[in-house]
Amino acid sequence: MRPLPDPGTADRTGTPFAAPARAATTVSLVAAAAVVLVEVTAGWGDRAWLPLVGGLLLGLPHGAVDHLVPAYRLRWGPARLAAFALGYAAVATVTWVLFTAAPGPALAVFVLLSAWHFGTGETAFADLRAGRPVRRAALPAAVLGGLALLVPLVRGAEEAAPVVAAVVPGSDGTLPPGVGTVLLAVVLPAAAALALALLLETRWTEAAEVGALAVLVLVAPPLAAFGVYFGCWHAVRHTARVLAEDPANVADLAAGRLGPPLRRFAVAAALPTVAVLAVLALLWSAAGGWRGLVATDLPLLAALTVPHALVVAWLDRPGPAPARVRAPSGRVAR
Ligand SMILES: CC1=C(/C=C/C(C)=C/C=C/C(C)=C/C=C/C=C(C)/C=C/C=C(C)/C=C/C2=C(C)CCCC2(C)C)C(C)(C)CCC1
Ligand SMILES: [Fe+2]
């Protein structure tokens, strides 16, 4: 029997990552283009909160099978899986407690951690899509994370202020003077330089994506831009990676079939997503309004981000090739 392809790396033809990578690339670019198009034609006006809230909710399931990811690679049984899920929930709970105890510093750390998580998510996805092993690319990751998160946050500082003030009691939610200008003056030229470097390396898709992200965060209403990035770009690309990690999907994905893998993902993600939605609904019932929802969601997202980012960092770790998936015969393919 032919060895099964490595679930963690893939090239462009017939391997587990090819079809989900293509689909995720298309979905993310189309969604970003749609939000920009609405802005330049009809204008989002006072409905710009819709893509923000929609994106934040749509992005929830992307971490909902995090507990299965090490299990896929390390062939864990139910006991270890349950222990890991409990540990994941415990890390999230401790983070939430810390966040509510010191929301100001916690929000700052959360934003930096998020930018790092988004940026490394971009570079890892691009590596795998191009058939390269995931490499550490700190500078491009910092630039991409800054472009996707810091630019909308700075541009949307006025709209974000009431949300930040609700998350950090006693603050007016605004950035210290000058910080926004400095961030834009660093991130935007750095993004242009990154796009140029990618063009010079003939990495056309990645270069075009830097351009698409820049148009999104500079043209669309800032919070709408972040919402569509989170829910339809970052989350969708991460989900594509997770589909390729599940050994049960190998045959379907190699044949280019996405339906059954997506169904498996939906089933596995349903319960953890509903659990988190229930907590969100419970906390939100005391707040109300879309700003209340976002302000309630932020500490919850921060809490989930810590174990989520740790799982993804483990997935991206450099080192020997990950364990191969077990062939149907029960033998481990090398
Ligand atoms: C598995 C599991 C689970 C679940 C999980 C999940 C479901 C996850 C998810 C995850 C996730 C889902 C993650 C996320 C992340 C996110 C992020 C990273 C974000 C960020 C954001 C930001 C940073 C924001 C910002 C802002 C501000 C600051 C202001 C206003 C505006 C805005 C909003 C823009 C549980 C616990 C049940 C149990 C155990 C196991
Ligand atoms: Fe993520």
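Residues count as buried under 20% relative accessible area, as exposed over 50%, and as partly exposed in between, with a 1.4 Å probe and protein chains only. The exercises concern a predicted model, in which local features need pLDDT of at least 70 and side-chain atom pairs count only at pLDDT 80 or more, while totals for chains, interfaces and linings use all residues. Residues are numbered from 1 along each chain as its sequence is written, and side-chain values use heavy atoms, with hydrogens and water left out.

**Exercise 1.** Classify the pair formed by the rings of tryptophan 49 and tryptophan 290.

Rings of Phe, Tyr and Trp (its six-membered ring) pair if their centres lie within 6.5 Å, and planes under 30 degrees apart count as stacked, over 60 as edge-to-face and the rest as tilted. By this rule there are 8 aromatic pairs. For tryptophan 49 and tryptophan 290 the centres are 6.2 Å apart and the planes lie at 10 degrees, so the pair is stacked. Tryptophan 49 has 31% relative accessibility and therefore counts as partly exposed.

**Exercise 2.** Classify the pair formed by the rings of tyrosine 229 and tryptophan 233, and state whether each residue is buried or exposed.

The ring centres of tyrosine 229 and tryptophan 233 are 6.2 Å apart with the planes at 35 degrees, so this pair is tilted. Tyrosine 229 has a relative accessible area of 1% and is therefore buried; tryptophan 233, with a relative accessible area of 1%, is likewise buried. Both residues belong to one aromatic cluster, formed by Phe118, Phe226, Tyr229, Phe230 and Trp233.

Definitions and conventions
Chains lettered and ligands numbered in written order.
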